[in-house]
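Dear colleague,

I am handing over the structure we spoke about, with the sequence alongside. Please have it open while you read the notes that follow it.

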Amino acid sequence: MRVLIQLRPGLDLVAAVADPSVVTSASDVADGLPGVVLDRSFTPVAVPRPIPAAPGGDPLSLNQPLIYSMAPDEASVLVRGEIADDEISTRVSLLPASHRDVVGVFADPKIEKTLTCGGDDPVGDWHDVERLLRVADLAAEGLDGSGVALAIADTGINAAHVTKALGRGLTIDKERSWSPSGVTGIPGEFDVDHGSMCAFDALIAAPQASLIDVSVLLSQRSGGSELDGLLSDAIAAYAHLRGVLDAQPAESRALVISNSWGSFSPRWDFPPGHPGNYSDNPAHPFNVIVGSLAQAGADILFAAGNCGRECKDGRCAYPDRPIAGANSHGRVLSIAGVDTDGDRVGYSSQGPGRLTARKPDVCAYTHFSGSRAFGDAEPDSGTSAACPVAAGLVAAIRTQWSSAELPPSQLRTLLRRTADDRGVVGYDYDYGYGVLDVAGIIAALRRRAAKAA
Amino acid sequence: MTSVLITVRLPRDATLESAMRKLELAEDEVDGSYGLVPIDPDEGLYALRVSEETGRRIHAAAGDSTHYPGPYSNPRIEPYGPPS
């Protein structure tokens with residue numbers, strides 16, 4: 001455990017520490033503290049002594065008018081160190097007795113900046129994401145999404161808006177696009193909304209990918225809003241995508257599916273334990289078709305969700321473990337969100353997942369100024385943006401690596417192993433295995449190519 | 001919940017009509033616009049969308065069969081963003 005140790009050494013030493021023109025080190029003031037590993041990189045800090053402002057005041061009370069004295073006979077000095085976790089209580093009580101200069105030992109807790117939440121301003125823009133994803137390096141490796149089918153399962157794409165926001169053209173594969181029965185819009189010509197944001201974000205890393213517009217969230221169910229659907233529509237969409245995949249030559253299959261949606265509430269589901277339940281049941285038809293499609297060679301990515309403990313979406317209704325159903329499937333990548341500073345956004349759902357405990361898998365970037373699908377000042381946000389950012393990267397990889405050469409399961413492992421670890425050391429339920437790391441991915445692909453040659 | 005899903009095992013390239021025959025379903029018990037959706041072609045597993053009442057009837061008719069035909073939930077799904 002990291003601690004701060006307060007000492008009152010000799011007057012000359014206190015005066016030296018308090019004088020910014022004098023260089024002092026931790027070992028000058030606190031060498032030889034038993035059981036303490038001193039942090040020698042931490043420059044000692046002089047701390048003033050609070051004393052009563054009025055004569056006769058209680059010298060121990062902080063609840064009165066005070067003045068702060070830096071006089072050498074009043075001030076003290078702080079150094080930083082570490083005490084073994086299993087010795088902390090003994091050492092803390094014995095230190096003042098065993099070393100006469102020690103006057104107190106205090107916890108030195110980790111402090112963090114406030115996490116980005118929904119409604120906050122964008123953190124960086126999509127060119128920052130382009131830089132962080134090393135899109136130029138990907139392009140130099142021939143990884144730009146050319147010839148790769150990238151399905152955006154969402155509210156439909158408005159290609160004109162995405163083209164304008166990107167400043168370059170895009171390809172919508174209308175023939176292989178799909179809509180639920182009753183939806184009459186034309187692929188690539190839907191209203192600007194969530195699906196256009198996802199399309200934009202997917203094209204950051206895979207500018208040459210061919211988009212399949214799957215407007216699964218536009219189904220016209222009774223009693224629903226315009227922008228939601230039913231899981232049965234997603235099943236029909238996946239059956240269509242299975243046909244798309246099966247029509248590709250087995251040796252060059254490349255189909256990436258980005259899903260920035262989920263079920264917010266157990267209210268719409270049978271309870272866990274019921275054989276017809278979705279959230280916790282790998283035998284639900286949608287979870288079966290997801291597994292079947294991944295097994296056949298598709299890369300499937302799901303947003304982890306926006307139910308992070310620090311600032312969850314108001315729609316989140318699961319009392320715990322909000323990464324549910326296919327969003328927690330073992331054969332998909334569940335994508336958490338970090339901002340362009342690399343810090344987890346506060347709304348990104350934490351694991352464990354309901355179908356598979358180790359969810360989310362990895363993090364990708366979100367909450368940046370990008371598509372402007374929701375207005376000029378509004379960021380592309382939510383794990384909704386992180387998921388297509390990651391899907392674009394997977395599509396870029398698929399340019400040179402078909403699912404026959406690098407099966408989806410091995411690609412998932414590669415992305416997890418190369419991820420830039422954040423949070424605690426190793427896997428954790430906030431960041432998963434870490435943030436997608438393109439330099440590591442390129443190096444791993446080169447090693448794999450060399451081995452195969 | 002206005003509709004549920006049921007599943008049925010049939011040979012590859014099965015039709016909605018063949019599924020309805022096997023499950024003894026009338027036309028008004030099945031969502032015809034949804035049709036017969038292949039879940040896992042290699043396993044011959046298909047899904048249909050039906051009313052809750054029909055789902056319960058299919059479950060009761062299955063008896064002790066090792067294949068659980070449903071009903072399966074058909075929950076509402078929504079976009080994950082922007083977070084509100």
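Helix H8 (residues 231-247) of chain A lies across strands E8, E10, E12 (255-259) and E14 (298-303) of chain A, and it runs at about 160 degrees to E12(A). Here helices (H or I, at least four residues) and strands (E, at least two) are DSSP runs numbered from the N terminus, while axes are lines fitted to C-alpha atoms, for helices over the stretch in contact, with angles from 0 to 180 degrees between N-to-C directions. Helix H10 (residues 383-398) of chain A also packs on the sheet, where it touches E8, E12, E14, E15 (333-338) and E16 of chain A, and its direction makes about 160 degrees with that of E14(A); contact means heavy atoms within 4.5 Å.

This is a predicted model, in which local features need pLDDT of at least 70 and side-chain atom pairs count only at pLDDT 80 or more, whereas totals for chains, interfaces and linings use all residues. Residues are numbered from 1 along each chain as its sequence is written, chains are lettered from A and ligands numbered from 1 in the order in which they are written, and side-chain values use heavy atoms, with hydrogens and water left out.

The sheet itself is open and has 7 strands in the order E9-E10-E8-E12-E14-E15-E16 (chain A), with parallel pairing; two strands pair if DSSP finds at least two bridges between them. Its edge strands are E9 (171-172) and E16 (362-365) of chain A, each of which pairs on one side only. Strand E8 (residues 149-153) of chain A is joined to E10 (residues 210-214) of chain A by 5 bridges, and A:Ala151 has A:Ile212 of E10(A) as its bridge partner.

Turning to the interface, 53 residues from chain A and 30 residues from chain B take part in the contact. About 3,600 Å² is buried between the two chains, 61% of it from carbon and sulfur atoms, buried area being the accessible area (1.4 Å probe) that two parts lose on being put together, summed over both. In chain A, the residues that lose the most area to chain B are A:Trp268, A:Phe270 and A:Pro285, together 16% of what that side buries.

The rule finds 3 salt bridges across the interface of chain A and chain B, each a side-chain nitrogen of Lys or Arg within 4 Å of a carboxyl oxygen of Asp or Glu. B:Asp42 forms a salt bridge with A:Arg242, with the closest N and O atoms 3.6 Å apart. H8(A) gives the most to the side of chain A that touches chain B, with 8 residues.

Best regards
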